[in-house]
Amino acid sequence: MTEKYFEIDENVDLLVFYGINNSNIRTIKDLMTGVKIVARGRTMKLSGEEADIEKLEENLRTMTNMALQRNMLTEKEVIDVLKGNEVEVVANNNDILHGVGGKLICARTKNQKVLVEEYGKNDLMFAIGPAGSGKTYTAIALAVRALKNKEVKKIILSRPAVEAGEKLGFLPGDMKDKVDPYLQPLYDALEDMIPAAKLGEYMDKKTIQIAPLAFMRGRTLSNAVIILDEAQNTSIAQIKMFLTRLGFGSKMIVTGDLTQVDLPHDQKSGLRDAVERLKKIKGVSIVEFDQKDIVRHQLVGRIIEAFEKTEKNG
């Protein structure tokens, strides 16, 4: 009789792995009658003949990888793995990761694909373009993939708390209450990609951090993917401060829309200034999104086009 312990990867959502009401673990026990299984949290105690345990460990590693990469593990897939049936996973170069419920998140447009390609080549990327072009969503997907693949230890997401003429001082509540409305789009993207329980765990452990730009001062951010969203609303001093936070083993993605600057008219956008200064620097990539990349409601593209025509004529 042999006894071994199998540890489930820390990035795997246990609800996905065990199944609703532990349906997956029950299926494993039903099919692997030669091995006694006691599961507690991330540890599975396996008792039985050594050959049976080794085979089960191999299958558990396969299931763990499926749950990690796809955020989904069905009872049918568990059965297929245990019976040695081939589990078909179709992938292509545009796939980034599987989100909640196994939803495939991929680069859908030409410039989204360019951003994915440039991520592999550079440590600093600027993604510039209109609302709805998927620049921030794609950037966050790349960050989540890097975290799952253990390429980085954390994700840092930030935004300047300046938008549409609103002032923080006029908003109710404490500082968190005041800044959360500005950060909500980042939460929305994460909730699409990471199951709620696992996302809460990441946030509690500060593996994923979401904070206003002002909170970045004085930090050196290593082994992380760092994203600055709505960067058109930074001052020159702010974006310089942010860009110089880049530490070893990190990648930085800066997104923004230069047609939606909410700064005072006499203040130059830090994003515009940074792009002009850094466009020829090695290791820096600038990806320009356009109306063809807009993946929201079809009216969004028409609205943006109408505003651009009016602004050019007027």
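Ile140, Leu190 and Ile208 touch the most other members of the largest nonpolar core, which has 36 residues. Such a core is a set of buried Ala, Val, Leu, Ile, Met, Phe, Trp, Tyr and Cys residues joined through side-chain atoms within 4.5 Å, and buried means under 20% relative accessible area with a 1.4 Å probe, protein chains only. Helix α6 (residues 135-148) gives this core its largest share, eight residues.

A word on the model: it is predicted, so local features need pLDDT of at least 70 and side-chain atom pairs pLDDT 80 or more, while totals for chains, interfaces and linings use all residues. Residues are numbered from 1 along each chain as its sequence is written, and side-chain values use heavy atoms, without hydrogens and water.

The structure's one aromatic pair joins Phe17 and Tyr18 edge-to-face, at 5.6 Å centre to centre and 70° between the planes. Rings pair if their centres lie within 6.5 Å, and planes over 60 degrees apart count as edge-to-face. Here is how the two partners sit:

| Residue | Relative accessible area | Class |
|---|---|---|
| Phe17 | 2% | buried |
| Tyr18 | 10% | buried |

Definitions and conventions: Buried < 20%, exposed > 50% of the residue type's maximum accessible area, 1.4 Å probe, protein only. Helix = DSSP H or I, 4+ residues; strand = E, 2+ residues; numbered from the N terminus. Phe/Tyr/Trp six-rings, centres within 6.5 Å; stacked < 30°, edge-to-face > 60°.
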